[in-house]
Amino acid sequence: MRTDTADSRPMLMWAPWRAGDVFAAYEQWRCEHGAVSFDEETQSWFVVGYATAREVLSGEGWSSDPLSSPVVRDTLAAHGIDELPLGGGMLTADPPDHERMRGAVRDVFTPHYIAQLASGVEAIAADAIDLLPAGEPVEFMTTIARPFPVAVIAEWLALDPATTRLLWDRADELVRLLDGVIGAELTVGTLEAMSALVAEFLPLAASRRETPGDDLLSLLAADRELALDEVVANAVLLAIAGHETTAGLLGNALVRLLAGADGTRLADRIGAVTPADVDEFLRLDGPPQAVGRTSTVDRCLDGRFITAGERVVVVVAAANRDPDVFERPAEFDPSRRGSLHLGLGFGRHRCLGAALAKLEVQIALTRILDRDPVLVPDSVSPRPTSLLRAPESLTVEFRR
Ligand code: HEM
């Protein structure tokens, strides 16, 4: 892996992501171009229809390895990168390697197993939220939303304090791995942060392989089907996949809950936060806007001919508001039944941490609402990138 001094530029900056209101832009795109269309600028097919999105994510003949697409390979090569910083783990693996890696930890990410972690997650949420002062402005993203998921996964992986510190100190750089943004000053910091993290994880993984404990890293390390570098790649993936995603969902959901005047706010209407509420937040406000695939075969998709090697960007955030599937798609309605939202993906790569993310968000939002927060006017600023839609910062004041 190497870097050069090429100008920083987005790898996947699609026109609608530059719009102020991305959801209006998705709608316009859907209306003008249909469910599947080719974007010259990014040389990618964009899928915005729900049924087609599901077809791609659950179908055969698709690769999750970005390097299987010549367009991605060329873009990365233009920046002197020949290896993916977050490669080597299950997220970018295809069968049979994908099943082998995911199989090592699948059993502890089931909703049943995750439910047993609830009291530990409650304790971490209490630490993060209960001691904050009332009647003073609190910057929510850095004080609660980002540290909370880091603390949960660090405890489950049983990371030592130095590795946890590194994870937290370099989180800003590491999150760019999930942003689809590649460029000189972005990659240098990010690649350095990634190398530092791998260097911390390697000895930890080796020692847990010899003497396993009952933590998540030991479970990965004890699986002899995985080479040690695969243990490290997947542990690092687990360590960072849930940060900005969970933090962003907390931020987006809190804005939705608190926007409006007293009495008209969603927070004042819903009472306790339920699992169905969290699913509706994921449908409407899930931070990842899209996931990528490469077609490994020539195929017809919704009337368009896609050749092997072409890149397909499945815009899950647009599919989640497809009016053919979701009535009144922009409305918050937790009583929706039937179609599953795609905010956590779909098919074999559907978010491994889905149950944990939902539990964390439900627990944290419930505790936050107990403190009777108000949103400080004009305090919400968005993250400057496209693939993860979330607040960069937002300020609340607790009334108790
Ligand atoms: C609200 C929070 C989260 C959101 C919105 C989210 C979203 C997603 C999405 C959309 C995917 C599918 C990627 C694809 O199809 O290419 C994914 C995969 C994944 N997520 Fe999450 N995620 C969240 C939290 C977490 C947490 C807390 C963890 C772990 C602790 C986690 C671990 C993973 C892993 C390991 C994968 C790869 C699964 C595979 O390739 O089989 N995620 N996530």
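Let's start at the ligand. Of the 26 residues around it, G242, T245, G345, C351 and G353 come nearest. Near here means a C-beta atom, placed from the backbone, within 6 Å of the molecule. Helices are DSSP runs of H or I with at least four residues, strands are E runs of at least two, and both are numbered from the N terminus. The shell splits into 16 nonpolar, 9 polar and 1 charged.

A word on the model. It is predicted: local features need pLDDT of at least 70, side-chain atom pairs need 80 or more, and totals for chains, interfaces and linings use all residues. Numbering runs from 1 along each chain as its sequence is written.

Now the core. The largest nonpolar core has 109 residues. That is a set of buried Ala, Val, Leu, Ile, Met, Phe, Trp, Tyr and Cys joined through C-beta atoms within 7 Å; buried means 20 or more other C-beta atoms within 10 Å. Helix α13 (residues 228-241) gives the largest share, 10 residues. V47, L220, A235, V314 and V315 have the most contacts inside the core. Take V314. Leaving out residues up to four places away in sequence, its contacts (C-beta atoms within 7 Å) include V47, A53 and R293.

Last, the sheet. Three strands form an open, antiparallel sheet, ordered β5-β14-β11. Pairing takes at least two DSSP bridges. β5 (137-139) and β11 (373-375) are the edges. β11 and β14 (residues 395-398) share 3 bridges. P373 stands opposite F398 in β14.

Technical notes:
A residue is buried if 20 or more other C-beta atoms lie within 10 Å of its own, exposed if 12 or fewer, and partly exposed in between; C-beta atoms are placed from the backbone. Two residues are in contact if their C-beta atoms, placed from the backbone, lie within 7 Å. Ala, Val, Leu, Ile, Met, Phe, Trp, Tyr, Cys and Pro count as nonpolar, Asp, Glu, Lys and Arg as charged, and the others, Gly among them, as polar.
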